[in-house]
Amino acid sequence: MTNSGTGPGSITPDGSPVEFYLLMTPEGEPEIVSGVVPAGGSILEIGSGVGRLTHALLDLGFEVVAVDESAEMLAHVRGPATVRSRAQDLRLGREFDAVLLASQLVNTADDHDRRELMAACARHLRPGGAAIMQWTPDERHDVWEVGRGRSFGDLSISIAALEQISPRVIASTMRYTQGERVWTQSFWSRRLSEEELTAELAAVGLRFGRYLTDDQTWVLAVKD
């Protein structure tokens, strides 16, 4: 169950190509967050990467602490406090108005890692605080197919390979391009139903709240 990546420049332990992620810009995520978190509120961003969302959230006036396990990623984050750590090992000893968990980390195929990830979110939230999570709903896995993708400007993202590892786990390889430059990122993803997600949230003291987007890929959970 090893993630991997290829292509020019640094590749992080989870297979993320740093140079490609430096080319990416926000796609509405800061507005999703600002619709939930009070103006000027504190946000713990787990898996910040190069700061694609971090910098936009700072521009909106939020206090952000950016966490990533990759020193190569964090080297590009400018402005906020940064912490290099595996999310599952994170213990900052403080609580935030919100925890942001993007990039479908919830769908990790490792059940223990997912539970520890959710526990890290819960222990860093104040009572009533919001966990804002991006995930891939169960049924959306059914539309995945090799070649499917999208382009924006000179960048493109497409599915290069798919393999059914078990009835609930899929191995995927994504292909990223900019001009002549090509990267790949391979990972395993677990299908989760809404009921399974709700149960895993409840196990760490979080209550499923509502979907934040029409496609149901962004979820709000609340710490009671």
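Start by selecting Thr 12, which counts as buried because its relative accessibility is 6%. Here buried means under 20% relative accessible area, exposed means over 50%, and partly exposed is in between, using a 1.4 Å probe and protein chains only.

Before you click on, a word about what you have open: this is a predicted model, where local features need pLDDT of at least 70, side-chain atom pairs count only at pLDDT 80 or more, and totals for chains, interfaces and linings use all residues. Residues are numbered from 1 along each chain as its sequence is written, and side-chain values use heavy atoms, with hydrogens and water left out.

**Stop 1: around Thr 12**

Thr 12 sits in the loop between strand 1 (4-6) and helix 1 (18-21). Helices (H or I, at least four residues) and strands (E, at least two) are DSSP runs, numbered from the N terminus. Now show the side chain of Asp 14: the side chain of Thr 12 makes a polar contact with it, at 2.5 Å. A polar contact is a pair of N or O atoms within 3.5 Å; within protein, one must be able to donate a hydrogen and the other to accept it, and residues adjacent in sequence count only if both atoms are side-chain atoms. Which residues does Thr 12 touch, not counting those up to four places away in sequence? Select Val 18, Ser 70 and Met 73 to see them. Contact means heavy atoms within 4.5 Å.

**Stop 2: the rings**

The count of aromatic pairs comes to 5. Rings of Phe, Tyr and Trp (its six-membered ring) pair if their centres lie within 6.5 Å; planes under 30 degrees apart count as stacked, over 60 as edge-to-face and the rest as tilted. Select Phe 20 and Tyr 21, an edge-to-face pair at 6.0 Å centre to centre with 75° between the planes. Phe 20 is buried, with a relative accessible area of 1%, whereas Tyr 21 is partly exposed, at 24%.

Phe 20 lies in helix 1 and Trp 183 in strand 10 (residues 181-190), so the pair ties together parts that are 163 residues apart in sequence. Is Trp 183 buried or exposed? Trp 183 counts as buried, at 0% relative accessibility.

**Stop 3: Arg 94 and its two partners**

Jump to Arg 94, which lies over the face of Phe 96, at 4.0 Å from the ring centre. A charge sits over a ring if NZ of Lys or CZ of Arg is within 6 Å of the ring centre and within 35 degrees of the ring normal.

Next, show Glu 63, which forms a salt bridge with Arg 94, the closest N and O atoms being 3.1 Å apart. A salt bridge is a side-chain nitrogen of Lys or Arg within 4 Å of a carboxyl oxygen of Asp or Glu, and the count here comes to 17. Arg 94 lies in the loop between strand 4 (81-84) and strand 5 (96-101) and Glu 63 in strand 3 (residues 63-68), so the pair ties together parts that are 31 residues apart in sequence. Arg 94 is partly exposed at 33% relative accessibility, and Glu 63 is partly exposed at 36%.

**Stop 4: a buried salt bridge**

Select Arg 191 and Asp 138, a salt bridge with the closest N and O atoms 2.6 Å apart. Arg 191 counts as buried at 13% relative accessibility, and Asp 138 is buried too, with a relative accessible area of 16%.

**Stop 5: helix 6**

Colour helix 6 (residues 194-203) and pick out its buried residues, Leu 197, Glu 200 and Leu 201. Seen down the axis of helix 6, they fall within an arc of 100°, so they line one face of the helix. That arc is taken from the directions from the helix axis to the C-beta atoms. Turn to the face away from the buried side and you'll find the exposed residues Glu 195 and Ala 203. What covers the buried residues includes helix 5 (111-123), strand 6 (125-134), strand 11 (206-211) and strand 12 (218-223). Finish at Gly 205, which follows helix 6 and has a positive phi, near 90°.
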